[in-house]
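Please have the sequence and the model open as you read.

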Amino acid sequence: MRDSVGAVLALPRTSSELHPLYGDPPDGVRANIVLSLDGGASFNGKTRPISDDTDLWLLNQLRGYADVIVVGAGTVRAERYGPARLTDEQRKHRAGAGYADTPPPIAIVSARVTLERDLPIFAETGARPLLITVERSRQQAEALA
């Protein structure tokens, strides 16, 4: 992890160490992604093979600071995404910072709007997912609604 001028920072090990770095939201978008050396964001359609336990911990922690979580449709399919979940500590932080203490919704980005109805993101309770697509998919999206 690097600071705004590129200096290497020690990776936080607890959520209380992470909060000073991420607790104050930026003006704009904050992104978190793991890439392989060749620039790939997945291996055989899944992200877990190119990440480790620390990456997964950080991803789950950062979700506590999010207003919305953006995920590609292919990842939703391959990893059987469900709604976001928050720890009790994340709920407490969100409530204290003036946010809803509920998990942020997942925004699914898809050019084709071909998502199976049996995906956990549609079947489990939680924030209703948002669908982001292109204009030509409008009729498909209306059919799914």
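R77 is partly exposed in this predicted model, with a relative accessible area of 22%. That value sits in the range between the two cut-offs, because buried means under 20% and exposed means over 50%. What does the side chain of R77 meet in a salt bridge? The partner is E116, with an N to O distance of 3.9 Å. R77 belongs to helix α3, residues 73-78, while E116 lies in the loop between β2 (106-109) and α5 (120-123), so the pair ties together parts that are 39 residues apart in sequence. E116 is partly exposed as well, at a relative accessible area of 36%.

The protein chain has six helices and three strands, and from the N terminus on they follow the order α-α-β-α-α-β-α-β-α. Among contacts with a separation of 6 or more, 56% join residues 24 or more positions apart.

Next, turn to the nonpolar side chains. In soluble globular proteins, such side chains tend to be buried together. Here the largest nonpolar core has 12 residues, among them A66, I69, V71, V76, I106, I108 and L115. Strand β1 (69-72), helix α3 and strand β2 are the elements that give two or more residues to this core. A second, separate core is made of five residues, including L18, L58, L62 and Y65. Once its neighbours within four places in sequence are set aside, A66 is in contact with R94 and P104.

What about the stretch ahead of the helices? L11 is found in the segment before α1 (15-22). Is L11 buried, partly exposed or exposed? L11 is partly exposed, with a relative accessible area of 27%.

Finally, consider the chain as a whole. Of the 145 residues in the protein chain, 24% are buried. The protein chain exposes about 9800 Å², and carbon and sulfur atoms supply 53% of that area.

Terms used
Residues numbered from 1 in each chain as written. Predicted model: local features only at pLDDT ≥ 70, side-chain atom pairs only at ≥ 80, totals over all residues. Heavy atoms only, no water. Helix = DSSP H or I, 4+ residues; strand = E, 2+ residues; numbered from the N terminus. Buried < 20%, exposed > 50% of the residue type's maximum accessible area, 1.4 Å probe, protein only. Contact = heavy atoms within 4.5 Å. Areas by Shrake-Rupley, 256 points an atom, 1.4 Å probe, with all protein chains shown as cover. Salt bridge = Lys/Arg side-chain N within 4 Å of Asp/Glu carboxyl O. Core = buried A, V, L, I, M, F, W, Y, C linked by side-chain atoms within 4.5 Å.
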